[in-house]
Amino acid sequence: MTSHYDDLETRSADRRAADLASALPSAIARARTAPALARLLRDVDAGAVTDRAALARLPVIRKAALSEGQAKSPPFGGYTSRSAAEFDHVFQSPGPIYEPGRRAPDWWRLGRFLHASGVGRGDIVQNCFGYHLTPAGMMFDSAARAVGATVLPAGTGQSELQVRAAVDVRTTCYAGTPDFLKVILDRADEMGETLAITRAVVSGGALFPSLRQGYADRGIVTRQCYATADLGLIAYETETLEGLVVDEGVIVEIVRPGTGDPVPEGEVGEVLVTTLNPDYPLIRFATGDLSAVIPGTSPCGRTNMRIKGWMGRADQTTKIKGMFVRPEQVAALVARHPEIARARVIAERDGEVDVMTVQLESATGGAEAYAASVVDMLKLRGRVQIVPPGSLPNDGKVIEDRRSYD
């Protein structure tokens, strides 16, 4: 079993609560030095935000707001506590969205993930994430150096050159998207070469069970992490392969899509992340991804929250009868009627016509009691169906599109 990266990973619940009570006010105060966040948090008493309940009352930052801010005030939209010239790197992701970077040791915190994957001194990491414009290459480069490994900055593509380098350098670890390793291995087979790679650390795509098993059959242990350019490491696999353990440098909340309201443990919802990075102090940043909390503590001994990993996208905005229906509207419908536990909008076709059904979990009231609210909040008429509490699927969907586009 891999040793722990540091003492933060094995903190008791009481220690975590005490550390959070200290870290949150500092994070809010630091965030207020970023112009956009100063406006967003101007009415917030930073000293009063000492636990998750207080954090849950703060506004949510969405990617759209970040994009709009960057368009008005490039490159970072006022969401960083430093100017662009005070960072070591400026990256561009599709959108475009601009992200900062620093050469400070393990600034994106992925070293914790590599350590948990058994990568360290003596390893040579073939880093097949891109180094051009986007930050993934630098993120894993920094992580490898944090754990004492050597880096071959291979970048993307050029499978034949990748094989040649892997053979000549005898790289022991692959870093990159889950499927590109198979491209390299297949090309190595074609070239009659045997690689020394025994570990793979992957992100940026789905690690399907068959792919993981295929690598295992070749003697390669594969682990995945959940990370973004904005936030760095969010969560990572350990040797137990029971979900993803949340990183120690972020606070993760799972909320009902379209809201900032935390859902009960185990229920699927949108991932919000508050980062304790003082340079880029995003507060309650909506990733747009769905996941759920796994109850209990990991058998590996790490005591932080665990999540199930990626379970779909939270932005389920759908056009029905020519009108957009958004998760925020469905949330507003539920908020108007406290007796409604959850709601789900279903879009279907009846011949050549769109039809909308609104399913409401309620123990009281008939469908007719909600018809006016449906029109008012969703701006469309549809069939209202009352279903028993707890009967809607636990998949994080509040809008389900059943129409075929084939």
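Let me start where the two parts of this chain touch: 9 residues of domain 1 are in contact with 8 residues of domain 2, contact meaning heavy atoms within 4.5 Å. The model is predicted, so local features need pLDDT of at least 70 and side-chain atom pairs count only at pLDDT 80 or more, while totals for chains, interfaces and linings use all residues. Residues are numbered from 1 along each chain as its sequence is written, and side-chain values use heavy atoms, with hydrogens and water left out.

Where are the domains? Domain 1 covers 7–313 and domain 2 covers 318–401; such bounds come from an automatic or database domain assignment. Taken over C-alpha atoms, their centres lie 34 Å apart.

Now the interface. Domain 1 and domain 2 bury about 690 Å² between them, with carbon and sulfur atoms giving 59% of that area. Buried area here is the accessible area (1.4 Å probe) that two parts lose on being put together, summed over both. On the domain 1 side, Pro-257, Gly-258 and Val-268 supply 50% of the area buried against domain 2, more than any other three residues.

What about polar links? Across this interface there are 2 residue pairs in polar contact, both at pLDDT 80 or more. A polar contact is a pair of N or O atoms within 3.5 Å; within protein, one must be able to donate a hydrogen and the other to accept it, and residues adjacent in sequence count only if both atoms are side-chain atoms. Salt bridges across the interface number 0, the rule being a side-chain nitrogen of Lys or Arg within 4 Å of a carboxyl oxygen of Asp or Glu.

Last, the cysteines. The whole structure has 0 disulfides, a disulfide being a pair of cysteine sulfur atoms within 2.5 Å. Cys-225 is buried, at 7% relative accessible area, and Cys-300 is buried at 3%; buried means under 20%, exposed over 50%, partly exposed in between (1.4 Å probe, protein chains only).
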